Amino acid sequence: MNKEKKIIQNNKVGIVKTHTFSFDSLKLESGEKFGPVNLAYETYGFLNKDKSNAILITHALSGDAHAAGVHEGKDNPGWWDDFIGPAKAFDTDKYFVICSNILGGCKGSTGPASINPKTARPYALDFPLITINDIVNAQKRLVEYLGIEKLLSVVGGSMGGQQVLSWLVNYPQNIRSAVPIATTIKHSPQQIAFNEVGRQAIMADGHWKSGSYYEGTAPSKGLAVARMIGHITYMSDKSMAEKFGRAKKDIAETFKFTADFEVEGYLRYRGDNFVKRFDANSYLYITKAMDNFDASGGRRFEEILRGIKVKVLVISFKSDWLYPAYQSKEIVKACKLAGVETTYCEIASTYGHDAFLLEVEEETHLLKHFLKKVFYAYEVTGDYGA
Amino acid sequence: MARKDIQLDHGVILDLIKPHSTVLDLGCGNGDLLYLLIKEKNARVQGIEIDEQAIYKCVAKGLNVFHGDVDSGLAEFSDKSFDYVVLNQSLQQILHVDKVLIDALRVGKKVIVGFPNFAHYKSRLQMFFQGRTPVTGALPYQWYETPNLHFLSISDFKRYCRIKGINIERGVCIGVTRKTPFLPNLFAETGIFLISK
């Protein structure tokens with residue numbers, strides 16, 4: 001084996017397993033008590049003796065607990081594998097990394113597709129309307145179960161960033177730092193509008209049947225369209241032009257409205273693939289939770305942050321038009337006014353919203369140094385080589 | 001860090017800042033000054049910088065820094081939220097100097113301004129004998145590639161402060177290798193002023 005290959009293999013997390021944490025009930029923001037709750041989660045690296053090296057990764061809309069490594073017998077790595085592993089941004093030789101599938105999800109955690117113990121059938125629309133804060137409250141239970149009182153950091157992009165803000169507002173005493181990436185204090189009408197079109201596509205599918213499709217055919221066409229809309233908003237004009245141009249697919253025309261352009265084929269492929277791994281009702285519940293989220297709770301965000309002793313790193317991307325940089329700047333502005341120690345960087349990426357998964361080098365630099373600073377807490381004494 | 005390794009203007013600013021102060025550096029570049037202030041003065045610091053690559057260097061030093069331009073970055077700070085606001089070698093590159101200076105005096109209890117002296121004798125000689133826009137140690141750019149938007153002299157700045165009712169608490173003028181008290185507007189390459197309102 002040559003040296004280069006060895007290095008590449010050495011910074012992999014390797015084979016990982018998804019675990020399940022179960023608890024009896026969770027009090028939802030609505031006041032309703034809901035349970036039992038299962039949370040699927042994975043961990044990478046080892047918790048140190050004083051339990052001060054734990055980092056919680058929060059996933060985006062279609063993510064899951066499988067953030068890094070590979071499952072036995074499979075070869076697809078976790079969704080943030082480029083960031084998690086030895087010598088990577090979340091260095092598993094130093095840190096203990098946790099990622100769990102959200103409440104309401106469909107990848108091992110309790111969601112609308114799970115069996116309702118009262119009826120012995122899937123919840124479907126009997127599943128309660130959940131919020132980002134509910135999702136975070138469930139995560140908090142998992143973190144407690146793992147014996148961690150204070151997380152070194154909570155890090156996530158997009159909807160993961162909303163969860164980071166929820167941690168910051170609701171559990172500032174349980175985190176030492178927070179990294180919201182490409183996210184917002186609250187959705188703009190434009191963001192709600194895109195989600196609503198996705199939901200309407202699902203509900204307009206004849207197979208949806210008010211959510212009770214689990215014994216029959218799933219509303220795959222509707223969900224695929226929702227995902228196609230999503231993918232358009234995740235890319236930028238430039239990244240689409242670079243990836244597809246106006247190139248046409250090399251197929252014999254059989255139908256007037258066949259997918260001639262590369263971009264059409266790509267969206268269809270993405271849509272069709274998504275329905276194999278995602279539940280349509282979960283999509284409805286989760287996008288609703290995103291739309292309803294407001295980290296400021298209707299107040300001035302800086303008032304909520306005042307006095308918080310958490311270090312914050314905010315990252316945005318220039319070409320992201322779904323979660324534009326101005327929304328990240330609003331987070332930064334509130335931190336400024338509240339006197340919270342904050343660093344902000346707008347990365348000059350052309351990838352659009354997807355950039356948070358793709359700009360490995362820049363994000364790794366920021367995350368690595370930021371986490372190091374928080375972990376060693378050197379602050380004012382400056383015992384640190386430049 | 002040994003004193004001789006510190007940039008002359010940074011050394012001057014270091015002397016102007018009391019230990020354990022809070023400092024906001026507008027246009028902090030690679031963060032060298034802020035890093036020094038942490039090490040030497042136990043200061044609590046925050047930087048604002050427009051250049052993305054400079055942000056990465058600041059973060060590598062463990063500094064808190066905001067990526068953005070100085071012209072729009074000040075409004076969001078509350079009154080007197082820093083002991084010092086520093087504009088070192090950034091004043092001449094700001095679009096709305098007057099507005100930013102007034103806001104800096106609102107946000108900081110004191111403001112430190114450092115800028116290249118356009119009336120330095122080398123500039124004057126180049127203007128006079130060559131009839132060309134001066135290129136000197138403190139003003140190293142050709143006219144077509146300079147990031148500087150404003151050209152001011154030490155006398156200009158003093159006059160500005162007088163008109164605006166700004167107190168000059170300290171003024172340090174530095175030449176090529178040392179502080180020059182003699183005819184500063186002629187022999188100083190850089191002027192550094194501690195001002196307050």
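## Overall form of chain B

A residue is buried if 20 or more other C-beta atoms lie within 10 Å of its own. In this predicted model, buried residues account for 42% of the 197 residues of chain B.

The secondary structure of chain B consists of eight helices and seven strands. Its radius of gyration is 16 Å, close to the 16 Å that the globule rule gives for 197 residues, so chain B is as compact as a globular protein of that length. Taken along the principal axes, the box filled by the C-alpha atoms of chain B is roughly 45 × 35 × 30 Å. Of the contacts in chain B between residues at least 6 apart in sequence, 60% join residues at least 24 apart.

## The interface between chains A and B

At the interface, 19 residues of chain B are in contact with 21 residues of chain A. On the side of chain B that touches chain A, two or more residues are given by each of helix H2 (32-41), helix H3 (52-60) and strand S3 (65-67) of chain B. H3(B) supplies the largest share of that side, five residues. Sorted by class, the side of chain B that touches chain A holds nine nonpolar, five polar and five charged residues.

## Helix packing in chain A

Within chain A, the axes of helix H5 (residues 220-234) and helix H7 (residues 262-277) come within 8 Å and cross at roughly 125°. An angle over 145 degrees would count as roughly antiparallel and one from 65 to 115 as roughly perpendicular; H5(A) and H7(A) are therefore oblique to each other. The crossing in which H5(A) passes H7(A) is right-handed.

From H5(A), the residues that meet H7(A) are A:Ser220, A:Leu223, A:Ala224, A:Val225, A:Arg227, A:Met228 and A:His231. Their counterparts in H7(A) are A:Leu267, A:Arg270, A:Gly271, A:Asp272, A:Phe274 and A:Val275. By class, the residues of this contact of H5(A) with H7(A) comprise seven nonpolar, three polar and three charged.

## The surroundings of B:Arg170

B:Arg170 is located in strand S6 (residues 167-174) of chain B. Is this residue buried, exposed or partly exposed? B:Arg170 has 13 C-beta neighbours inside 10 Å and therefore counts as partly exposed.

Not counting residues up to four places away in sequence, B:Arg170 touches B:Leu16 and B:Leu194. The C-alpha atoms of B:Arg170 and B:Ile112 are separated by 9.3 Å, the two residues being 58 residues apart along the chain.

How values were computed. Residues numbered from 1 in each chain as written. Chains lettered and ligands numbered in written order. Predicted model: local features only at pLDDT ≥ 70, side-chain atom pairs only at ≥ 80, totals over all residues. Contact = placed C-beta atoms within 7 Å. Helix = DSSP H or I, 4+ residues; strand = E, 2+ residues; numbered from the N terminus. Nonpolar A, V, L, I, M, F, W, Y, C, P; charged D, E, K, R; others polar. Axes fitted to C-alpha atoms, helices over the stretch in contact; angles between N-to-C directions. Parallel < 35°, antiparallel > 145°, perpendicular 65-115°, else oblique. Left-handed = near helix turned anticlockwise from the far one by under 90°. Buried ≥ 20, exposed ≤ 12 C-beta atoms within 10 Å, placed from the backbone. Rg over C-alpha atoms; globule rule 2.2 N^0.38 Å.
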